[in-house]
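Please read the briefing below alongside the sequence and the 3D view.

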Amino acid sequence: MTLSKPTARQAVLRDADAEADRQLNTLTGWHRFIDGPPTPPDLASRSAWQQMSVSERDLYDEDRLDHHARMLTIATSFVEKTAICGRRLVLLNRHAIGARRGLIVSGPAGTGKTIAITQLGRSHELLDRARHPHVTDRIPVVYVTVPPAATASMIGTEFARFLGLPVRARSNMTDIIEAVVGVCTDTRTGMVLVDELHNISLTSRNGAEVADTLKYFSERLPATFIYAGIDIAESSLLSGTRGAQIAGRFTLIPSRPFPYNSEWKGLVATMEDTLRLHDHRPGTLTSLDRFLHDHTGGMIGSLSHAIRGAAIDAILTGTEKITKKSLQAIPLDHTAHTTASMATKTAASR
């Protein structure tokens with residue numbers, strides 16, 4: 001059956017809404033992330049584009065908007081370093097009898113921490129799938145985020161939610177932990193990713209209990225734990241008795257803003273290659289790579305946000321191209337703005 005154009009448009013919008021609802025901290029969302037994003041849309045020829053009806057162009061533009069709205073993952077040196085270190089720890093932990101070692105990715109917001117650990121998790125799960133083809137009852141990776149003002153019960157619930165386990169009002173912490181450990185053991189979970197770790201503060205009772213709960217999970221599960229958070233190295237998480245235990249078991253990889261070098265230029269060029277705009281002149285962004293570095297403070301998250309935002313505006317306004325002015329019109333996060341301002345002041349003082 002051929003869908004009518006209004007029905008087809010509704011289907012596209014519904015799919016776009018479903019895509020927006022996919023979260024990494026659910027098993028379904030994680031599996032969709034592992035399976036990868038859809039193939040980028042083809043850019044229609046100018047003549048075909050101009051001959052489209054209003055409804056056809058709406059569908060075509062919606063497809064391009066959805067494409068530019070997705071976060072592009074690029075294999076940066078930081079992502080590769082995290083992947084190598086994580087893979088090494090998995091191998092070292094394979095025959096560990098006592099405490100297993102883990103990894104902490106720490107640094108400022110917008111420096112690619114979540115990208116790095118999720119790509120590590122993705123490579124681990126794809127390797128597990130390759131080793132166990134046609135097996136559908138394995139959950140090689142668990143991904144959870146630490147909620148703000150988290151309690152031990154909340155972190156246990158995050159694990160249960162990822163696994164799709166029901167958490168009833170009468171469930172106590174022991175019930176939740178035993179259920180999570182049982183499922184993870186049965187499904188051969190080998191890596192646990194814990195994001196937003198900066199939401200834990202060991203100076204509070206709740207924070208200390210959350211840290212103890214994560215430690216207990218790491219002792220019960222034969223898995224490598226990977227943590228990520230903002231400026232963990234400078235936080236209370238690595239101080240005191242509990243902090244000393246974490247620091248003694250975890251390798252720390254710092255994330256930083258990118259310097260202006262050949263890798264940064266490559267990042268800009270790669271992002272420009274993904275654009276699907278009719279009037280954008282190739283090489284425009286690469287000629288602005290120095291401006292983009294100054295504008296974003298070398299933050300890869302801010303760079304992606306600026307380029308994707310300008311691409312979306314280019315489609316919505318009909319300009320179909322990105323310029324320096326349109327990049328400047330995209331509001332950036334405060335961290336990127338502050339970093340860029342500091343860099344400008346430093347350069348001016350030299």
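Gln245 is found in helix 10, where helices (H or I, at least four residues) and strands (E, at least two) are DSSP runs, numbered from the N terminus. This is a predicted model, in which local features need pLDDT of at least 70 and side-chain atom pairs count only at pLDDT 80 or more, while totals for chains, interfaces and linings use all residues. Residues are numbered from 1 along each chain as its sequence is written, and side-chain values use heavy atoms, with hydrogens and water left out.

- Gln245 is partly exposed, with a relative accessible area of 38%; buried means under 20% relative accessible area, exposed means over 50%, and partly exposed lies in between (1.4 Å probe, protein chains only).
- Along the chain, Gln245 and Lys215 are 30 residues apart, and their C-alpha atoms are separated by 9.3 Å.
- Lys113 lies in helix 6 and counts as buried because its relative accessibility is 9%.
- The contacts of Lys113, leaving aside neighbours within four places in sequence, include Phe78, Val105, Pro108, Ala228, Ile230 and Ser255; contact means heavy atoms within 4.5 Å.
- Lys113 and Thr82 are 31 residues apart in sequence, and the distance from C-alpha to C-alpha is 9.3 Å.

**Residues in loops**

- Ser204 sits in the loop between strand 3 (191-195) and helix 9 (205-220), and Ser204 is partly exposed at a relative accessible area of 32%.
- The C-alpha atoms of Ser204 and Ala149 are 9.7 Å apart, although 55 residues separate the two along the chain.
- Most residues other than glycine have a negative phi.
- Asp231 is not a glycine, yet it has a positive phi of about 50°.
- The loop that holds Asp231 runs between strand 4 (224-230) and helix 10 (240-249), and Asp231 is partly exposed, with a relative accessible area of 32%.
- Glu320, also not a glycine, has a positive phi of about 60°.
- Glu320 belongs to the loop between helix 13 (300-317) and helix 14 (324-328), and Glu320 is buried because its relative accessible area is 2%.

**The chain as a whole**

- The chain has 15 helices and 5 strands.
- Of the 350 residues in the chain, 42% are buried.
- Among contacts between residues at least 6 apart in sequence, 75% join residues at least 24 apart.
- The accessible surface of the chain is about 18000 Å², and carbon and sulfur atoms account for 54% of this area; the areas come from the Shrake-Rupley method with a 1.4 Å probe, and for residues only the protein chains shown count as cover.

**Cores and cysteines**

- The largest nonpolar core has 54 residues, and those touching the most other members are Val142, Phe159, Phe162, Val194, Leu197, Leu214 and Phe225; a nonpolar core is a set of buried Ala, Val, Leu, Ile, Met, Phe, Trp, Tyr and Cys residues joined through side-chain atoms within 4.5 Å.
- Another core lies apart from the largest one and has 24 residues, among them Phe258, Leu277, Ala310 and Ile315.
- A search of the whole structure finds 0 disulfides; a disulfide is a pair of cysteine sulfur atoms within 2.5 Å.
- Cys85 is buried, with a relative accessible area of 6%, and Cys184 is buried, with a relative accessible area of 2%.

**Cavity and pocket**

- On a 1 Å grid over the protein atoms alone, a cavity is a set of points where a 1.4 Å probe fits but cannot get out, and a pocket is an open set with protein on both sides within 12 Å along at least five of seven lines; lining residues have an atom within 4 Å of a point.
- Grid points are joined across faces, edges and corners, and a volume is the space filled by probe spheres set on the points.
- The whole structure has 1 cavity of 30 Å³ or more, and the largest cavity has a volume of about 50 Å³.
- Residues lining the largest cavity include Ile74, Phe78, Thr111, Ile115, Phe258 and Ile300.
- The second largest pocket has a volume of about 350 Å³, and of its 17 lining residues, Val90, Arg94, His124, Gly190 and Pro222 lie nearest its centre.
- Helix 5 (77-93) and helix 6 (113-131) are the elements that give two or more residues to the lining of the second largest pocket, and helix 6 gives the largest share, 4 residues.
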